[in-house]
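Trainee: Before we look at the coordinates, please take me through this model by questions and answers, giving the cut-offs of each term where it comes up.

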Amino acid sequence: MQKITSLPADDALPGWYHTSQPRTPRPAHVGQKHARWAIVGAGLTGLAAARQLALNFPNDEVVLIEAQDVGFGSSGRNAGFAIDVPHDIGAKDYIGDVTTANLILKLNTLGQNYLRGIVKEHGIACQMTESGKYQAAVGEKGVAILEAYRSGLEKIGRHAEMIPGKDLPDHIGTSYYQQALYIPGTILLQPSALVKGLADNLPSNVTLYENTPITSIDYGDKVTLVHAQGTITADTLILTNNAFAAHFGFLRGRLLPTFLYGSLTRPLTAEEQAQLGGKPVWGVIPAHPFGSTVRRTVDNRILMRNSFSFHPDGRPREKQLKHNIETHRKSFERRFPMLSKVDFEYSWSGAICLSDNHEGFFGQLAPNVYGALCCNGLGITRGTATGKLLADMIAGERNELIDFLVASPGPNRTPPEPFLSMGVNSVLKWGQFRAGLEV
């Protein structure tokens with residue numbers, strides 16, 4: 001019996017969760033249960049895996065287990081960009097190997113299309129808009145990145161429009177940026193509303209248990225998951241809990257639970273909307289990877305997301321959040337001086353699972369244990385796609401995307417503690433310093 005040494009403990013005010021339609025969480029599990037399939041982690045990857053597994057095995061019960069309320073955890077705390085195009089920050093043109101880039105494009109597009117279909121079929125109200133994204137630069141170094149990225153996108157047949165700074169207020173309402181690369185294809189959405197809607201429209205043979213954190217696990221001919229009020233025994237376990245998979249005994253020393261911080265304003269008044277100008281919905285990704293992500297939402301709020309920290313137990317720190325709210329305020333007022341009286345209504349942290357070599361894990365972890373883990377910041381599209389494809393692979397399907405994912409070397413091994421935390425946090429601080437005014 002292996003004890004789970006760290007459980008999710010997210011902070012209380014994730015803006016997307018609280019501004020999306022309230023729902024009644026499914027009851028926690030009580031007692032003893034056996035099922036053929038059990039999935040731990042009801043984020044985007046787990047929801048996609050549960051849905052597809054249930055469709056592939058319609059006569060089997062699929063048990064989906066979530067430690068918190070659905071939509072409250074990491075999948076409901078991201079910036080809400082469902083991105084199609086690759087962005088390899090290690091390559092000079094941000095695309096790298098064209099064959100690999102085209103496969104990543106197919107993978108991300110699969111995730112987008114899968115979500116589009118479910119949202120349309122079930123009428124999920126998640127503010128889904130086909131808005132594209134603006135990759136924006138403040139200084140000359142950022143502009144050079146945009147030029148390189150545009151040339152890279154051309155190699156994979158993706159057109160992008162370079163927009164000079166003087167024209168940007170008509171698009172995003174602010175003159176803060178020197179230049180932006182507009183890339184169509186990205187979907188903007190309300191991530192917690194999406195996750196809640198996906199959970200409430202699962203196939204009938206999926207049983208979802210919320211607020212059921214697993215405290216220990218026994219691996220054997222079958223897998224037994226133990227929690228405070230009972231046990232769940234499964235023939236096959238699928239892990240879709242990202243960095244927490246390390247606490248289940250897999251990929252230890254390979255996953256980097258890294259936190260990003262977001263703040264969401266109150267809704268803008270009609271007068272403030274007129275002062276801001278620009279399009280009614282848009283999203284900005286920074287040219288420098290450590291800069292600020294900014295959005296204007298369907299309900300006329302502004303999202304500001306920046307600042308990083310690394311916590312190996314996968315749990316946020318309140319002190320870090322308070323410090324980063326101050327950074328959000330400065331970043332907001334630099335971009336939107338006309339909105340100086342607009343306050344943040346919600347601020348939160350949200351974990352992303354990174355790896356040193358930017359590779360995720362996909363496939364079999366052990367006998368009767370599978371995983372789709374570590375999306376490296378692309379949880380909406382890649383998480384959805386890998387969850388679906390893992391369920392298809394388990395059902396016996398093979399295709400070029402499954403083969404591509406299985407062929408990945410997986411996440412690199414990292415140095416031991418305390419050197420890991422010292423090194424990662426130093427890299428994060430240096431990256432944010434180098435981003436300068438893009439933060």
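**Salt bridges, a helix and its strands**

Trainee: Which residues are linked in a network of salt bridges?

Mentor: This is a predicted model, in which local features need pLDDT of at least 70 and side-chain atom pairs count only at pLDDT 80 or more, whereas totals for chains, interfaces and linings use all residues. Residues are numbered from 1 along each chain as its sequence is written, and side-chain values use heavy atoms, with hydrogens and water left out. A salt bridge is a side-chain nitrogen of Lys or Arg within 4 Å of a carboxyl oxygen of Asp or Glu. The residues linked in a network of such bridges are Arg23, Arg26, Asp200 and Glu210.

Trainee: How many residues apart are Asp93 and Lys155, whose side chains meet in a salt bridge?

Mentor: By the salt-bridge rule the count comes to 21, and one of these is the pair Asp93 and Lys155, at 2.7 Å from N to O. Helices and strands are DSSP runs numbered from the N terminus (H or I, at least four residues, for helices; E, at least two, for strands). Asp93 sits in the loop between β4 (81-82) and α3 (98-122), whereas Lys155 belongs to helix α4 (residues 140-155), so that the pair links distant parts of the chain, with a separation of 62 residues.

Trainee: Which residue forms a salt bridge with Lys106, and which parts does the pair tie together?

Mentor: The closest N and O atoms of Lys106 and its partner Glu400 are 2.7 Å apart. Because Lys106 lies in helix α3 and Glu400 in helix α10 (residues 400-406), the pair ties together parts that are 294 residues apart in sequence. Buried means under 20% relative accessible area, exposed over 50% and partly exposed in between, with a 1.4 Å probe and protein chains only.

Trainee: Which side chain of opposite charge is nearest to Arg51, a buried residue without a salt bridge?

Mentor: Arg51 lies in helix α2 (residues 44-56). Contact means heavy atoms within 4.5 Å, and, not counting residues up to four places away in sequence, Arg51 touches Tyr114, Ile118, His122, Leu198, Asn201, Leu202 and Pro203. For charge, Lys and Arg count as positive and Asp and Glu as negative, while His and the chain ends are not counted. At 5.5 Å from Arg51, the nearest side chain of opposite charge is that of Glu121.

Trainee: How many bridges join β13 to β16?

Mentor: Two strands pair if DSSP finds at least two bridges between them. In β16, 9 of 9 residues are buried, and Asn306 of this strand stands opposite Tyr261. β13 and β16 run antiparallel, and the number of bridges joining them is 7.

Trainee: Which residue in the turn between β18 and β19 has a positive phi?

Mentor: Strand β19 (residues 369-373) is largely enclosed by the rest of the structure, because 5 of its 5 residues are buried. Strand β18 (residues 361-366) pairs with β19 in the antiparallel sense over 5 bridges, with Ala366 as the bridge partner of Val369. The two strands form a hairpin with 2 residues between them, and the turn residue with a positive phi, of about 55 degrees, is Asn368.
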